[in-house]
Amino acid sequence: MKKSYYVNKVAQYNGDHEVHLEACPKFPKPENRLYLGAFDTCLEAVREAKKFYTQSNGCIHCVQPCHTS
Ligand SMILES: [Zn+2]
């Protein structure tokens, strides 16, 4: 099932732009998020996010399988 993914326009302290799902407790404010699209896997979502921000990473809370530290 496809899910909608978003990337945070604001980088974390380490430079990562986190990719989120809507249900996330850390979901960015409307002005700080960019809609990426609906994807079957978080890998596709992170790949899409990297077109905008080279340093994109899955959120540790909602996209844990695609989070790398
Ligand atoms: Zn998240």
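Four strands form an open sheet of mixed pairing, in the order S3-S1-S2-S4; strands (E, at least two residues) and helices (H or I, at least four) are DSSP runs numbered from the N terminus, and two strands count as paired if DSSP finds at least two bridges between them. The edges are S3 and S4, each of which pairs on one side only. Neighbouring strands of the sheet are turned by 30° against each other on average, direction ignored, where axes are lines fitted to C-alpha atoms, for helices over the stretch in contact, and angles run from 0 to 180 degrees between N-to-C directions. The model is a predicted one, in which local features need pLDDT of at least 70 and side-chain atom pairs count only at pLDDT 80 or more, while totals for chains, interfaces and linings use all residues. Residues are numbered from 1 along each chain as its sequence is written.

S2 and S4 run parallel and are joined by three bridges, and Glu18 stands opposite Asn57 in S4. H1 packs on this sheet, touching S1, S2, S3 and S4, and its direction makes about 140° with that of S3; a contact here requires that the C-beta atoms of two residues, placed from the backbone, lie within 7 Å.

Which residues of helix H1 are buried? In H1, which covers residues 42-52, they are Cys42, Ala45, Val46 and Ala49, buried meaning that 20 or more other C-beta atoms lie within 10 Å of a residue's own. Because they cover an arc of only 95° around the axis, they lie on the same side of H1, the arc being that of the directions from the helix axis to the C-beta atoms. What covers them includes S1 (3-8), S2 (17-21), S3 (33-39) and S4 (56-58). Leaving aside neighbours within four places in sequence, Val46 is in contact with Val19, Ser56, Gly58 and Cys66.

Read along the sequence, the protein follows the pattern β-β-β-α-β. Buried residues make up 29% of its 69 residues.

Methods
Buried ≥ 20, exposed ≤ 12 C-beta atoms within 10 Å, placed from the backbone.
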